[in-house]
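Here is a short report on a single protein chain. The sequence and the model come first, and the notes follow.

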Amino acid sequence: MTGPEGDTHHGGWRVISVEAPHRLAFEDFFADEGGAEDQALPASSTTVVIEPVDADMTRMTIETSYASPEAMAQVLEMGMEEGITAALGQIDDILAEQPA
């Protein structure tokens with residue numbers, strides 16, 4: 001990932017389970033440039049659920065947890081909230097694009 005100032009960050013996912021197309025569970029971790037997990041930084045567990053609301057609307061729920069409040073505070077201090085907000089803010093535009 002490249003941050004707004006051009007800084008690069010590495011990470012990875014360990015997929016725990018998939019129930020396509022409605023549910024995905026994974027562990028998200030920070031990594032070094034080679035992809036090895038950085039044990040000094042907290043990993044998270046995330047579940048994404050996609051479900052119909054009605055014929056024209058779908059709801060996506062994302063639940064992320066950390067091993068401790070301190071771990072969550074650490075990633076919040078690193079800008080996680082801003083990063084997630086920026087990433088999720090792109091979803092409507094991406095879904096609105098017509099396939100080529």
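## Overall architecture

The protein chain has 3 helices and 4 strands. The model is predicted. Along the sequence, the order is β-β-β-β-α-α-α.

The C-alpha trace spans about 45 × 30 × 25 Å along its principal axes.

## Surface and contacts

The chain has 100 residues, and 13% of them count as buried. Its accessible surface comes to about 7700 Å². Carbon and sulfur atoms hold 55% of that area.

Among contacts with a separation of 6 or more, 18% link residues 24 or more positions apart.

## The strand 3–strand 4 hairpin

Strand 3 covers residues 44–54, and strand 4 covers residues 57–66. The two strands pair in the antiparallel sense, over 10 bridges. A hairpin of 2 residues joins strand 3 to strand 4.

Where does S45 find its bridge partner in strand 4? The partner is S65.

In a regular strand, side chains alternate between the two faces of the sheet.

## The second largest pocket

How much space lies in the second largest pocket? The volume is about 160 Å³. Its lining consists of I50, T58, R59, M60, I91, D92 and L95. Strand 4 and helix 3 (91–96) are the elements that each give two or more residues to this lining.

By class, the lining of the second largest pocket has 4 nonpolar, 1 polar and 2 charged residues. T58 is the polar residue. R59 and D92 are the charged ones.

Key. Residues are numbered from 1 along each chain as its sequence is written. This is a predicted model: local features need pLDDT of at least 70, side-chain atom pairs count only at pLDDT 80 or more; totals for chains, interfaces and linings use all residues. Side-chain values use heavy atoms; hydrogens and water are left out. Two strands pair if DSSP finds at least two bridges between them. On a 1 Å grid over the protein atoms alone, a cavity is a set of points where a 1.4 Å probe fits but cannot get out, and a pocket is an open set with protein on both sides within 12 Å along at least five of seven lines; lining residues have an atom within 4 Å of a point. Grid points are joined across faces, edges and corners, and a volume is the space filled by probe spheres set on the points. Buried means under 20% relative accessible area, exposed over 50%, partly exposed in between (1.4 Å probe, protein chains only). Contact means heavy atoms within 4.5 Å. Accessible areas come from the Shrake-Rupley method with a 1.4 Å probe; for residues, only the protein chains shown count as cover.
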